[in-house]
Amino acid sequence: MAVPELPELHRLTLDNGLRVVLAPDTTAPVVGVSVHYDVGFRSEPEGRTGFAHLFEHLMFQGSESLEKLAHFRHVQGSGGSFNGSTHPDYTDYFEVLPSAALERALFLEADRMRAPKLTQENLANQIDVVKEEIRLNVLNRPYGGFPWILLPPVLYSTFPNAHNGYGDFTDLEQATLDDCAAFFDTYYAPANAVLTVAGDFEVERARELVEKHFGDVPARPKPHRPSFAEPRPSSELRGNHVDPHAPLPALAVGYRMPDPVNELDGYLAHLVLAGVLTDGDGSRLQQRLVHGEPLVTDISAGAGLFGPFEARDPDTFSVTAIHAPDVSADRVLGALDEELEALAATPPGERELAKVTARWSANLHAEHDRLVSRTLALGSFELLHGDPALAYGAAERIAAVTAEQVAEAAKGLRPDSRAVLVVEPEQGGIQ
C-alpha cells in the first residue's frame with residue numbers, strides 16, 4: 001500500500017529566533033495565521049494564578065502602532081475572524097482572512113509581538129472581564145471547572161500542575177503593570193514563539209512578508225523552560241467538592257499518561273482506549289453503566305483535560321461521570337475497574353478497535369479540513385513536538401494503534417495510582 005504524500009510544508013527560523021511554518025494550500029482563497037507562544041498556565045508564578053490567561057486578554061488591547069480595538073476592526077473589516085486561547089503549555093493567537101489580507105494579519109501579529117499596549121486602564125478592565133468570565137463559566141454554572149480546575153489539585157502535588165489556571169480573584173486583583181511587563185519580556189520573545197501561515201499564498205511572497213514584519217522584532221533570550229515532571233501517585237488520592245448548582249453527584253477519575261512528546265505511541269493508545277471505553281452507545285462503559293445496570297446518566301473518557309495534543313508531560317487521562325444520588329462513587333469506580341481489568345486481560349477485538357480508530361481518523365481529517373484548526377495544529381505540533389508534519393500524520397498513527405497497545409494502556413490505569421474527585425450537590429441546592 002502506497003504511503004500518502006504529505007501536504008507541502010516549509011520551515012524557517014528568523015535571525016531573532018522566531019520559528020516559521022508555511023503550509024500552502026490553494027484550494028480556497030483564504031489564509032490562516034497563528035502565533036503560538038511557549039507559555040501557558042504551568043509557567044505562571046505562584047501568587048499569580050490565571051496570569052497567563054489574563055495576559056492573553058491584554059494582547060488584544062492595542063499595540064505599538066494600534067489603538068484599543070483596532071486589531072478587531074482590521075480583521076473583521078477584511079471579512080476575517082480571530083481569537084486566542086490559553087493552554088497548559090502555550091498561548092495561541094490566530095486570524096483567518098481572505099488571502100488578499102495576509103499582509104494585514106502578519107502586521108497585526110508582529111505589532112503586538114513587538115510591543116502590546118500595557119496600561120493600568122487596560123489591566124484593570126481586563127481583570128474585570130476575566131473575573132466575569134470565571135463567574136459565568138465556573139462559579140455560577142453547574143459542574144463549573146469540572147474536571148479541569150477541580151481534578152488537578154487532587155492528582156498533582158506541585159504548583160505548576162495543580163493550581164487553578166483560570167485564576168483566583170485575589171491573585172488576579174493583585175496583578176501589576178510590572179508583572180505584565182516582566183511576563184511579556186520573559187515569555188513573548190520571538191525565540192519563544194512559532195508563527196504559522198496556512199492556506200492560499202505563494203511561498204516566496206510569504207517569506208518576504210514574514211521577514212518584512214517580524215524580522216525587526218527585537219531578539220530576546222529564549223526563557224529556560226523547567227521540567228514540570230513529578231512522581232506518579234503511589235496510592236489512590238481522594239478529593240471532595242461541594243457544588244451549589246449541581247443537580248446530581250459527579251465523579252472524576254484522573255490517571256497519569258505516557259509523555260505526549262517522548263512516548264507518543266503510548267499516548268495515542270490512550271486516545272484509542274478512551275474511545276473503546278466511552279465513544280458512542282456501543283462503547284463498553286456506555287453499554288454497562290448507562291444502558292445496562294444503569295449506574296450513571298452520563299460518562300466520558302479522554303486524554304488531556306483540554307483534549308489531546310494540548311500539553312507536554314505530565315498529562316492526564318480522565319474518566320468523568322454524573323450519577324444518581326442513590327448510586328455511590330465506589331460502585332461506579334468498581335464497575336470502571338472491572339472494565340479496565342477486562343481490557344487489560346483481553347485486548348479489544350478487531351472490529352471494536354477498527355470502529356474506534358476509524359472514528360478518530362475521520363474526526364482528525366475533518367478537523368484539518370477547517371483552515372483554522374489546521375493552522376493551529378501545525379503551530380502547536382511545531383512548538384510541542386518540533387514537527388508540524390505530525391498534524392498531518394496523527395490520523396495514520398492512531399489508525400496503526402494495536403489491540404495489544406490498548407490493553408497495555410488499560411493495564412496502567414490502576415486504582416493504586418489515581419486521583420478520585422467526588423462532586424456533591426450542596427444540601428438545599430438545585431434538586
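These legends describe close-up views of a predicted model.

View 1. With a relative accessibility of 0%, Ala419 counts as buried, because buried means under 20% relative accessible area. Leaving aside residues up to four places away in sequence, Ala419 touches Leu151, Val154, Leu155, Leu237, Ala252, Val253 and Gly254. Ala419 and Gly239 are 180 residues apart along the chain, and their C-alpha atoms are separated by 7.8 Å.

**View 2. The open sheet of five strands.** The strands follow one another in the order β7-β11-β8-β10-β9, and their pairing is mixed. Strands β7 (237-243) and β9 (296-303) stand at the edges and have a single partner strand each, so one side of each is left without a neighbour in the sheet. On average, neighbouring strands of this sheet are turned by 15° against each other, when direction is ignored.

**View 3. The pairing of β8 with β11.** Strand β8, made of residues 250-256, pairs with β11 in the antiparallel sense, and six bridges join the two strands.

View 4. Helix α12, spanning residues 329-345, lies across β7, β8, β9, β10 and β11, and runs at about 40° to β8.

Key: Residues are numbered from 1 along each chain as its sequence is written. This is a predicted model: local features need pLDDT of at least 70, side-chain atom pairs count only at pLDDT 80 or more; totals for chains, interfaces and linings use all residues. Side-chain values use heavy atoms; hydrogens and water are left out. Buried means under 20% relative accessible area, exposed over 50%, partly exposed in between (1.4 Å probe, protein chains only). Contact means heavy atoms within 4.5 Å. Two strands pair if DSSP finds at least two bridges between them. Helices (H or I, at least four residues) and strands (E, at least two) are DSSP runs, numbered from the N terminus. Axes are lines fitted to C-alpha atoms, for helices over the stretch in contact, and angles run from 0 to 180 degrees between N-to-C directions.
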